[in-house]
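This briefing covers one protein model.

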Amino acid sequence: MSITESTAKRYELQDPDVRLMLEVRDDSAAAFEELMLRYQNRLINLMHHLMGRRDQAEDLAQEVFLRVYRSRKSYKPGSKFSTWLYTIANNVASNARRSMARRKEIQVDGGDDAGMGPANPLDRIAKAASGQMPTRVIDRAEMGEVVRLAMETLNDRQRMAVLLSKFEEMSYADIAVTMGMSVEAIKSLLSRARANLKIALEPYLEQGARPPAE
């Protein structure tokens with residue numbers, strides 16, 4: 001879909017990250033560095049939850065920024081910068097998963113949760129999924145691991161939608177653009193994902209039974 005001049009101008013005026021990316025288009029190294037500072041950790045955390053391995057997440061985040069840099073000369077803002085960036089990230093993650101499936105190397109590194117700070121949105125995911133269920137007193141680290149296992153029970157599209165919603169607090173419309181789906185399809189996808197998360201977390205929240213590791 002072509003991007004009109006009025007659309008590009010609107011996003012340029014509204015989004016400071018779009019303005020930085022336009023500077024990157026004009027070969028500003030400082031602007032590129034600023035965008036990396038703003039998004040690097042967020043991208044790594046997103047990739048970590050999508051792929052399950054911290055080292056791979058760091059490599060894929062680097063690949064996303066490489067694609068951003070290589071495409072800078074053709075950049076024209078047709079959405080918020082974060083939406084454009086996560087569209088690239090979604091494509092990179094999808095390619096990586098397909099490559100892993102071909103090589104039959106899918107594995108889960110259960111012990112690596114470095115970089116997940118106290119504001120980890122997995123806590124919010126757990127609370128949202130648990131609803132009004134009676135809860136035990138739960139250790140934060142243990143809960144993070146349990147939610148990670150629960151997230152792995154979701155399919156790839158559900159997991160990506162939940163992460164964009166909870167990590168980035170993206171709107172349905174922006175998630176739809178990022179994932180190439182309609183807004184209604186995203187609402188349905190997130191509804192199914194929340195239901196699946198609740199089912200996966202319920203045994204732990206009620207009885208302390210962890211979701212099975214895949």
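Does D27 count as buried, exposed or partly exposed? At 44% relative accessibility, D27 counts as partly exposed, where buried means under 20% relative accessible area, exposed over 50% and partly exposed in between (1.4 Å probe, protein chains only). The model is predicted, so local features need pLDDT of at least 70 and side-chain atom pairs count only at pLDDT 80 or more, while totals for chains, interfaces and linings use all residues. Residues are numbered from 1 along each chain as its sequence is written, and side-chain values use heavy atoms, with hydrogens and water left out.

**Salt bridges**

- The whole structure holds 14 salt bridges, each a side-chain nitrogen of Lys or Arg within 4 Å of a carboxyl oxygen of Asp or Glu.
- R72 pairs with D27, with 3.0 Å between the closest N and O atoms. This pair links distant parts of the chain, 45 residues apart: R72 is in the loop between α4 and α5, and D27 is in the loop between α2 and α3.
- R72 is buried, because its relative accessible area is 15%.
- Helices here are DSSP runs (H or I, at least four residues), numbered from the N terminus.
- R38 and E34 form a salt bridge with closest N and O atoms 2.8 Å apart; both lie in helix α3, four residues apart, about one turn of the helix. Salt bridges with shared partners join D17, E34 and R38 into one network.
- K9 and E12 meet in a salt bridge at 3.8 Å, N to O. Both are in helix α1 (residues 5-14), three residues apart.
- K9 is partly exposed at 44% relative accessibility, and E12 is partly exposed at 26%.

**Nonpolar core**

- The largest nonpolar core has 58 residues, and M47 and M179 have the most contacts inside it. Such a core is a set of buried Ala, Val, Leu, Ile, Met, Phe, Trp, Tyr and Cys residues joined through side-chain atoms within 4.5 Å.
- α3 gives the most to this core, with 10 residues.
- Leaving out residues up to four places away in sequence, M47 touches G52, A57, L60, A61, V64, A89, V92 and A93, contact meaning heavy atoms within 4.5 Å.

**Helix α10**

- α10 (residues 183-207) has 25 residues.
- A kink of about 40° lies at L201, shortly before the proline P203; the bend is the angle between axes fitted to the seven residues ending there and the seven starting there.
- Buried residues of α10 include I186, L190, L197 and Y204.
- Just after α10, G208 has a positive phi of about 85°.

How values were computed. Helices (H or I, at least four residues) and strands (E, at least two) are DSSP runs, numbered from the N terminus. The expected span of a helix is 1.5 Å times one less than its number of residues.
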